[in-house]
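Dear colleague,

Please find the structure below, together with its sequence.

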Amino acid sequence: MHTLTNLRQERRLVTAIPGPKSIEALKRRSAATSQGLGMAIPVIIERASDAILLDIDGNQIIDMGSGIGVVNVGNSASRVVDRVIEQVQAFTHTCFTVAPYMSYIEVCEKLNALTPGTHAKKSLLVNSGAEAIENAVKIARYYTKRPAIVVFEHSYHGRTNLTMALTAKNMPYKEGFGPFAPEIYRVPMPYSFHWVGNQATITEDAIEMVTYKIDKEIGAHNVAAILIEPIQGEGGFIVPPKGFMPALAKYSADNGIVFIADEVQTGFARTGHMFAVEEENVVPDIMVTAKAIAGGLPLAGITGRAEIMDSVHVAGLGGTFGGNPIACAAALGALETMEAENLIARAQHIGTILGDSLRALQKKYPIIGEVRGRGAMQAIELVEVGTKNPHTAAMNAVVKYCQSNGVLVLTAGTYSNVIRFLPPLVITDELLKDALNILDEGFASL
Ligand code: PLZ
């Protein structure tokens, strides 16, 4: 049914970036859209397929960001497109809480089956990662009848009022947008690259600090939930040291606290597991998913223990568009693609190429202070040589070089000095290596 011819998976530059048509169109962007919106690459996109973006000047750009970890199955993946076309012709909307339909139920069945843990689970669908986090917090508070939410340094959970409060970094996410929601408590994150204490005991020391703060400053009996990203995304792909996540999960269970994993960026095969918590066999009480769930359509999920998810009174949860039928059809297509194309194994394969190449670059360019991440979610942190001082200017220069040469890479990090790589999991080895060569040239050009 899907009749569009796919773009050839190759980088091709026919103008400078941005080209003349994009420059003209971007004037209209400035005139019509709020300047509060950022822009990673100054081009206007006309089409995309798999890991290639085509701009209106005819340039083909390698996508190393997946629209921030969304198109894991590739842009306009055929199974997503086919199911969306079929659904949009059948019906566009009823509102699940007005008149239900099967695709919403099927997506929830899949989430309940795919997320870790053999206990009974139930799910709820909403529109965005932030809305899903809001709902997870609502449900955890309802279930526990406790107010406090514990979050971590360097965390990112969204841009709504509650999720801004949960997010760590002030600029650009929170500056001027307060006052923020109360009863949010931030605790230390074991960010090993910047940890001032003993690396050998980082897990034990961090757990000690976190549980001290909870026990002495909040009172564990006041805590509804501990909320954490299994690998911090916007914070700079910070991977917690081994043992940290399991210890947090255990502390939560021991204290009647709902343990919530924010898998919005790490989810759906990205890290070489279906979900990143699987690395250490952690079973969260609630898992929040979004981004890659529906191959590019807006959808997010909250999946949790049945007794927690069912504690809320009837009609206490909902929303007009949550679990829209077109987004649910796309999700079924995306989940089918992950399985059919074995994208978990693909993410591991990409991880080997990425990790090896980035570590080789680190040897060549000591400005790369650390390479970290897992699977197809890896990053490099740039520092002034011989120190751990952030080198934001170098990050900007390398990113600009990559863009000018047709490779879209994204940045991250509390210190604005991290380049992150989140390619679609269907990217070919050739395209990935081409992108990494351009990155190498970018460092050479500094
Ligand atoms: N939790 C872990 O990564 C979204 C933010 C982009 P929404 N990250 C990309 C930007 O600059 O706004 C994210 C995340 C984690 C929650 C969210 C929020 O998801 O779908 O953007 O609301």
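How many of the residues of strand 8 (residues 258–262) are buried? The count is 5 of 5, and strand 8 is thus mostly covered. Here, buried means under 20% relative accessible area, while exposed means over 50% and partly exposed lies in between, with a 1.4 Å probe and protein chains only. Strands are DSSP runs of E with at least two residues, numbered from the N terminus.

Before going further, please note that this is a predicted model, in which local features need pLDDT of at least 70 and side-chain atom pairs count only at pLDDT 80 or more, whereas totals for chains, interfaces and linings use all residues. Residues are numbered from 1 along each chain as its sequence is written, and side-chain values use heavy atoms, with hydrogens and water left out.

The strands

Strand 8 is covered on both faces: Val 258, Ile 260 and Asp 262 are buried on one side, and Phe 259 and Ala 261 on the other. Strand 8 runs parallel to strand 7 (residues 223–228), and 4 bridges join the two. Two strands pair if DSSP finds at least two bridges between them. Within this pair, Val 258 of strand 8 has Ala 225 opposite.

Strand 4 (residues 121–126) has 5 of its 6 residues buried, so the rest of the structure largely encloses it. Its partner is strand 10 (residues 300–305); the pairing is antiparallel and extends over 6 bridges. In this pairing, Val 126 stands opposite Ala 300 of strand 10. Ala 300 is buried, at a relative accessible area of 0%. Ala 300 and Ser 128 are 172 residues apart in sequence, yet their C-alpha atoms are 5.2 Å apart in space.

The ligand

Which residues are closest to the ligand? They are Gly 129, Ala 130, Arg 159, Asp 262 and Gln 265, out of 14 residues that surround the ligand; a residue is near a molecule if one of its heavy atoms lies within 4 Å of it.

A polar backbone atom of Gly 129 lies 2.8 Å from an oxygen atom of the ligand. For Ala 130, a backbone N or O atom is 2.8 Å from a ligand oxygen. Gln 265 instead uses its side chain, with an N or O atom 2.8 Å from an oxygen of the ligand. On its own, the ligand has 510 Å² of accessible area, of which the protein covers 82%; such areas come from the Shrake-Rupley method with a 1.4 Å probe, and for residues only the protein chains shown count as cover.

Asn 59 sits in the loop between strand 2 (52–55) and strand 3 (60–63), and it is buried at 0% relative accessible area. Its side chain makes a polar contact of 2.9 Å with the side chain of Thr 15. A polar contact is a pair of N or O atoms within 3.5 Å; within protein, one must be able to donate a hydrogen and the other to accept it, and residues adjacent in sequence count only if both atoms are side-chain atoms. Glu 381, in strand 12 (residues 377–382), is likewise buried at 0%, and its side chain makes a polar contact with that of Arg 372 at 2.8 Å.

With kind regards
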